[in-house]
Amino acid sequence: MRKPFVTRLADLLHTAWIGATGRVSRTILASLGIALGVAAYVALSGIAASNQAALLAQLDALGANLQVVAPGQDATGQSVPLPAYAPDTIARQPDVEQVGVFLTPPKDAQVFKNELVPKTNGNALAVSVMKPGALQAVDATFGQGHGINTHNESLPVAVLGSEAAYRLGVNQPGDRILIDNEWYGVIGILEATPQAQSINSSVIIGAKWAINHYPDQKESIQQISQIYVRTKPGNAESLRRIIAHAANLSGGNVSVAASANLSQARNATNDSLTTLGLMIGAIALAVGGMSIANMMIVTVMERRGEIGLRRALGATPGNIRMQFVTEAALLSAIGGLAGVVIGAATAISVAVNASQPLTLDWTGLPAAWGAAVLVGIIAGFYPASRAARLTPTEALRGE
Amino acid sequence: MTALLMLDGVTKAFTGRDGSPLEILHSTTLTIGHGERVAIVGPSGSGKSTLLSLLGTLDMPTSGTLSYDGSDVAAMGEKRRSELRAARIGFVFQQFHLIATVSALENVMTGLQYTTLPRGARRERATEALEQVGLGERIFHKPSQLSGGEQQRVAIARALVKQPDIIFADEPTGALDTDTGHAIIELLMGAADQGASLVVVTHDPSIAARFPRRLHIQDGVVTELG
């Protein structure tokens, strides 16, 4: 007849508990190594995660919440124009804060400082056509001058991106530049815009003027080339779907992309700190495991009398082995639990002190604890086998 | 009286320091019946404890056969021998061998740990056994809070709790003063009155004199003193 499983388990845990906690100071010392190992891992990975969250917040401020809507392509690779209502429907979405519309620039427009510059020195500058208010959406700030608004959008005026101004040698509003043999007055020069790099090398003109000035290209200029959409910070993926749907209600293809791909940067950062935590944790766990093994060997020698007694009372070698393995596992379980608490507390206090958002991998905590218990089982195996190998008479003589 | 334990030509040898076998117990043949009370006497180093270990199935003979209730103990295998000890054999040692960190009750419950009894039943029977040895008031005391005689009573309760066929006591009074020692023997005798056989190793002639059957052992040779 075999003992019922529950009774066996209760006996095992009870006996291991008695053995492991019989000498409190020794229990603490033996499980300290495991506690430190787990704490190191939990704390370092928690700190790394908090750093990462703080960095992410910074990246969001730099434009992770700026999306660019552009015409998509149909199945044959043809461009699908954005409908004229797209800016309005996008602007109505609850998470959308600002919308900036750029139209298709005139074909082959070339920009020069004046008529003396050879036509081959185009400076690789792009002409952009904007509707009033578009620059606010990309968070562009004026170094000098002001932008294109409803009062001047039908005049030959231009706003220069920071790089465009440098290449053209224009350093103050009031200068003139030449676009397709037409003089334009520079009314504003932008600071560098980190969120929309293409603006920096652009010469921006008003939509109304462009449409009137290029009557032969009127149709094409009226097509929207890009809509910059500033959203509330949040789940970029679901926002993109919402925006795409709003941009073309009839379901035509639309391209929606983050203006700068910062998500990769975010993933790359701080992986190294997590790895460091994992390595320190692993080393400390190994050392902790050895200290438990060490203590268990001493325990087995000291408790030969008890081993002999238990054999006399009917314990099999297997019972004795399980008892000591469980005892070792229990020691490291206690240590692991302490380590998780210490590590989490450290990570939390560091995050609070650095005013970082707290990001602890809660699901990783049971895993760290489980690793500690596993180390205990491995560490306990050799001493437990030694205990199991003792014959009852040897063991009883031992004390 | 039917035989509970039977030794037939049993010897026990250990390997000496020079590697040659050293026979501690020479060929011994004897039987112990159900409910029999036996004292084993002899000087130190004569092989008393070795004989007791063999009888208690804690050690295996080098040659000869040991049968328990008619079955060959050597043929049983480690697991069945453990089950036999767990259910039917009680031990009392000179050094008590109590677990220092737990209560008297827990210590007595250990006597049933390797049986199939559930924990609740073990607790009940352990409490009864402690009452039987006169420690009903001290079941939650730890060994360090008990006197030597009381500790040995706990050990006896641990042996009695499984209602064994046979109790082996190896110098149970060796660590106690004379009066306490006699009280302990009294207790063991009382337990044997309930049907268990009792085998006590002692070097105290006054204790041996109280047993109807005495075995003398010297230099590994067992003789009946009648």
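This text walks through a predicted model, from a chain contact to a helix and then a sheet.

Start where the chains meet. On chain B, 22 residues are in contact with 22 residues of chain A. Helix 2 (residues 78-88) of chain B gives the largest share of the chain B side, six residues.

Now turn to helix 9 (residues 236-247) of chain A. At 1.5 Å a residue, its twelve residues should span 16 Å. The end C-alpha atoms lie 16 Å apart, so expectation and model agree. Four residues of this helix, A:Leu239, A:Ile243, A:Ala246 and A:Ala247, are buried. Viewed down the helix axis, the buried residues fall within an arc of 95°, so they line one face of helix 9 of chain A. That buried set packs against strand 1 (66-73), helix 3 (86-91), strand 11 (224-231) and strand 12 (254-258) of chain A. On the other side of the helix, A:Glu237, A:Ser238 and A:Arg241 are exposed.

Back to chain B, and its sheet. Six strands form an open sheet in the order 6-7-8-3-9-10, with mixed pairing. Strand 6 (89-93) and strand 10 (221-224) of chain B are the edge strands; each pairs on one side only. Direction ignored, neighbouring strands of this sheet are turned by 20° against each other on average. Strand 3 (residues 37-41) and strand 8 (residues 197-201) of chain B run parallel, joined by four bridges. In strand 8 of chain B, B:Val200 is the bridge partner of B:Ala39.

Terms used:
Residues are numbered from 1 along each chain as its sequence is written. Chains are lettered from A and ligands numbered from 1 in the order in which they are written. This is a predicted model: local features need pLDDT of at least 70, side-chain atom pairs count only at pLDDT 80 or more; totals for chains, interfaces and linings use all residues. Two residues are in contact if their C-beta atoms, placed from the backbone, lie within 7 Å. Helices (H or I, at least four residues) and strands (E, at least two) are DSSP runs, numbered from the N terminus. The expected span of a helix is 1.5 Å times one less than its number of residues. A residue is buried if 20 or more other C-beta atoms lie within 10 Å of its own, exposed if 12 or fewer, and partly exposed in between; C-beta atoms are placed from the backbone. The arc is that of the directions from the helix axis to the C-beta atoms. Two strands pair if DSSP finds at least two bridges between them. Axes are lines fitted to C-alpha atoms, for helices over the stretch in contact, and angles run from 0 to 180 degrees between N-to-C directions.
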